[in-house]
Amino acid sequence: MRDYRHPGVSCWVMTCRPMVRTLWLALGIASLPPTFGEEADPSDPIAGRTHWAFQPLNQSKPSQRAEWAPASIDRLVVQRRRNAGLGPVTGSSPRALLRRTYFQLIGLPPTPQEIEAYLNDTQPEAFTRLVDRLLNSPRFGERWGRHWLDLARYADSNGLDENFLFREAWRYRNWVIDAVNMDLPFDQFILNQIAGDLLPHETISQRDRQRIAAGFLAIGPKVLLGNNPNNQRMEVADEQIDTIGRAFLGLTVACARCHDHKFEPIPTADYYALAGILTSTQVMERRHMLGQQRVMERLVGLGVEGVDLDSAYENYWRELPKTKKALKEAQAALASLKNGDACEDSMPTLEEQQAKVNELKKFIASPPAIPPRAMIPSDKDSPSDEAIRIAGQFDRKGEQVARGFLQVLSDHTPDFAEGQSGRVELAHWLTDVEFGAGHLTARVMANRIWYQLIGRGLVRTVDNFGRTGEGPSHPELLDHLATELIASG
């Protein structure tokens, strides 16, 4: 079993300028986490709601302003500091603060000219203006978008058995960077990645951007060769559930694939309720690769003529082997005609056969250019619920489970759109603060931002908010930041 007690992949930020700005301008100090109890039945989702991470956010306001605690985050930890005999930290030199700010926000050092300009700026709020300027730099999206790409298991190749190149993965990477720089709200960020291909659109450009965002589901490692299609379908869904669970919820949901979770309130039925949504989604297709037709990542054409261009491109490579065979036969028939060996009345004339050979040669010699494409998922023609797999084995089916979400986070019964997988509803549920997982998602996100700025999260196990993870060192501060994230829109 994997050890989830330590921070895993790095974190990222979205709708984050206000929070990054607040945290970087005035930071608190973390201390030891409190102790949390264990439930008698770890997989019971109802009893499991007593765990701190599944409780509603504590939206109490910070205490009165302290003499050395100008920011709300300082006021939330001031008493803990006093109890520990700690006072305010000595301020950094302007030069050191400048360099730290540059590296944290854009990942690059300041130029000598930028250092000189900052040190010579005697106007009020010089540091605040510096932070705002860096947050508005395109480099900010490159720096902080990378943290999400790490979490989203971004790579330019498959990474497993044959490690095939994902030639179009870069489009998803660029979408993430642009989304950070555009301040796309976090709920919209999730919606686009989980269900961008299903969302309404007003323009082809908007449609393509949303589709590219849904490449989040298509990237990631997959065993391509010698894999039973039914097993591959379950493996792909498992990898997606694992990523969604840890990235958005800070939970090891995938541990419930073979049995009820041994530590968290996630029964196997909840795992397969989510699996039904994702197995009703296609991220693979059969297309040309290395001279043959094989199962690879699903690609869709972009632009007004994208679908037709992509269809023509794939058709060329699909027909090429048959065309080469037809050319050999046509050339043999042409040779017979030239030698006078043909004796059937129905044989074409020499000119007609030569024209046929020329046409086949022209087709072979004129492959279409690779069209603009992206890794884009699609709902299956007939979305359906999944059966529990006994011991996680794809060919041992048990009871069928209706598609849905984690019971520990809500009693809400989803009403899926007719003929759709349920990905739109899943995306909304992840940020729903009334009937869904919104409070937990906000906690996880706020903690990731803190972790990236400080180097240690308020919850040090940034990918695990469950019982096997650590509790928050400052619960009130974490909930305050999560509440601010929600309130920011």
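Author: Begin with the term itself: a cavity is a set of grid points where a 1.4 Å probe fits but cannot get out. In this predicted model, the largest cavity holds about 110 Å³ of space.

Reader: How many cavities of 30 Å³ or more does a search of the whole structure find?

Author: The search finds two. The second largest cavity holds about 30 Å³.

Reader: Which residues line the largest cavity?

Author: Read a lining as a list of residues, then sort the list by element and by class. Here the lining includes I241, I244, G245 and L249, and also W429 and L430. The helices α12 (229-249), α13 (268-279) and α16 (423-431) each supply at least two residues. With four residues, α12 gives the most.

Reader: How does that lining divide into nonpolar, polar and charged residues?

Author: Eleven of its residues are nonpolar, one is polar and none is charged.

Reader: What lines the second largest cavity?

Author: Apply the sorting again. Among its lining residues are E168, R171, Y172, G215 and M375. Both α8 (169-181) and β5 (373-375) supply at least two residues, and the largest share, three residues, comes from α8. By class, six residues are nonpolar, one is polar and two are charged.

Reader: What share of the chain counts as buried?

Author: Of the chain's 489 residues, 51% are buried.

Note on methods
Residues are numbered from 1 along each chain as its sequence is written. This is a predicted model: local features need pLDDT of at least 70, side-chain atom pairs count only at pLDDT 80 or more; totals for chains, interfaces and linings use all residues. Side-chain values use heavy atoms; hydrogens and water are left out. Buried means under 20% relative accessible area, exposed over 50%, partly exposed in between (1.4 Å probe, protein chains only). On a 1 Å grid over the protein atoms alone, a cavity is a set of points where a 1.4 Å probe fits but cannot get out, and a pocket is an open set with protein on both sides within 12 Å along at least five of seven lines; lining residues have an atom within 4 Å of a point. Grid points are joined across faces, edges and corners, and a volume is the space filled by probe spheres set on the points. Ala, Val, Leu, Ile, Met, Phe, Trp, Tyr, Cys and Pro count as nonpolar, Asp, Glu, Lys and Arg as charged, and the others, Gly among them, as polar.
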